[in-house]
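Try each task before you read its solution.

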Amino acid sequence: MKLLGNRSSRAWRNMASALVVVAGVGLVPAAQAETARATPSVTDFKLDNGLEVVVIPDHRAPIVTQMVWYKVGSADEPAGKSGIAHFFEHLMFKGTKKHAAGEFGAKVAEIGGSENAFTSYDYTAYYQTVSPDALGTMMEYEADRMRGLVLTDEVIGPERDVILEERRSRIENNPDALLSEEVDATLYQNHPYRIPVIGWMHEMERLNRIDATAFYDKYYAPNNAVLIVAGDVDPAAVKELAEKTYGKVERGPALPPRVRPQEPEQNTRRTVTLRDERVTVPSFQQSWVVPSYTTSQDGEAEALDLLSEILGGGTRSRLYQELVVKRGIASSAGAGYSGTSLDDTSFTVYGAPRGEATLDEVQSAVDAEIRRIVTDGVSQEELERARTRYLRSMIFARDSAQGLANIYGATLTTGGTVKDIAAWPDRLRAVTAEQVKAVAAKYLDLDRSVTGYLLPPETAQN
C-alpha cells in the first residue's frame, strides 16, 4: 500500500506533477499528428447509483487496470481523527460478508495480476492490473467491498498497530519526512493540508471501530466514487460489467460540497529547523502557498508548471545548470509544483551543498535565480525548450494502463473533468513568457515563504 503524503517532499512533488499530464500530449509540431493518433478515445458515463465510469481503451497489450477512486482523503477527516483515511485504506483489504479476508488478494495473485492502494490529501484509490478476461471478477470483488466490509474490534486493533508501525518506519525513522511534516504544518496556517496524511501519532493511537464505521458509512458509496478502466477493453462491454456489479450497490447519502477551511493572507517569512544525528549533509527546502489547477485562474497553474520546469525541473533547468554544473556548489537543486490538488497547493525549491560549499551559499544562489526570473523574466527560446522538455517527459505517463488511469482519476477527484484533460496540452502551449514572469513575481515572495533546514547536530546554519 502506498502513502502519498508530505506535500513538500520531493517524491510527492514529482508524482503530483505527473498526474496532471494528459495522454497524447503533443511534443513538437512534427510529432503532433502522430501523438494525436495515439490519443485514446475516452468514454465517460454515470450509473444510476451515481458512480462515474471512465473507460480508456488501450489495445497495445492484453492487460487492463481497474481503479476505484473515492473523493475523500486526509484533508476531509474530522478534527482529532488524523490518519483515519489512510487507516481505512488498510481496512478495505479485510473480509466482507461474501469474501473472507485475503481472498481478494489471493484471487489477484492466482491469475498473475497485481494490486495496491494509496491515500492522499484529496482522494483514496484502489487498483488491480490483470488480464482482460479477469476484469469482471475484479469488479465483483471491488464492488462487494464498497459496502460489504465486516468491521469488528478484532479487525481494527491489529490493523491499527500496523499503521502505527508504518508511521514509525516511514516518518519517525526519516529526518527528511519529519522536516517535511513540520514545514507543511507551518506553511498551512488554517487548511487541513497542514496535517500529515498518515496522521499524528497521538491521534492514530485512539482510532477505533466507531471512527472507522462512521468514516465508511459517510464516504464509501458509488455516488462518491469514480471508476477508471484503462487497457485492452471495449467500452460497451465495460459498461455492461459495471452495471452488473457496481450498479447493484446502493447509492449512499448525498454529501455536501467539499468546502474546507482556506488559508488567510500570509505576511510573514518563517523558518523551521530540524537537527538530527542521522543527517550527514545539510539541506533546505523553501515553500509557498500557490493556486492549484482547481483554484487557479487565467492560466496561472499552467504557468506555474512551466516555471517549475524552467527553474528546477531537471538537469537542463536553471538551478541544476547554475548550481550543480557550472558552479559546483550543490549536490542537488530543484523545484516542484503540486498542481493536482483540490485546494491551494505548494510550490517548493530545494538544495543541498557539495564539497566545501555551505548551505548558505546554495540557498543564496537559489534565491538569486528566483529574483532573476522575477526581474528579467524568461526568453521565448528558454520557454519553448522547457515546454518541449516538460511535454516530452510527461507523455511517458500514458505508456501504461495504470498511468492512464492515474491521470484521469487524480483529475476527476480534484474538481477536473474529462474535457479539462483533453484541453490541457493546448492550455500549456498557450502560456507566454510574460505569464511565467508574472506568477514568479506574484507568488514567490520570500517574505511569505517557509524555509525548512535539515542540519546535523551542532552544525551552524551556514
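**Exercise 1. Work out how much surface the protein exposes and what supplies it.**
Start with the total: the protein exposes about 18,600 Å², an area from the Shrake-Rupley method with a 1.4 Å probe. Now look inside: of the 462 residues, 57% are buried (under 20% relative accessible area, 1.4 Å probe, protein chains only).

**Exercise 2. Decide how far to trust the model.**
This is a predicted model, where local features need pLDDT of at least 70, side-chain atom pairs count only at pLDDT 80 or more, and totals for chains, interfaces and linings use all residues. Residues are numbered from 1 along each chain as its sequence is written, and side-chain values use heavy atoms, with hydrogens and water left out. First, check the mean pLDDT (the predictor's confidence in each residue, from 0 to 100): it's 91, and 90% of residues reach 70 or more.

**Exercise 3. Describe how helices α6 and α7 pack.**
Locate them: α6 covers residues 153–172 and α7 covers residues 175–187. Take the angle, about 95 degrees, and the distance between axes, 7 Å. The two helices are therefore roughly perpendicular (65 to 115 degrees). Finally, list who meets whom (heavy atoms within 4.5 Å): Arg-167, Arg-170, Ile-171 and Glu-172 in α6 touch Ala-177, Leu-178 and Glu-181 in α7.

Definitions and conventions. Axes are lines fitted to C-alpha atoms, for helices over the stretch in contact, and angles run from 0 to 180 degrees between N-to-C directions. Helices (H or I, at least four residues) and strands (E, at least two) are DSSP runs, numbered from the N terminus. Angles under 35 degrees count as roughly parallel, over 145 as roughly antiparallel, 65 to 115 as roughly perpendicular and the rest as oblique. Buried means under 20% relative accessible area, exposed over 50%, partly exposed in between (1.4 Å probe, protein chains only).
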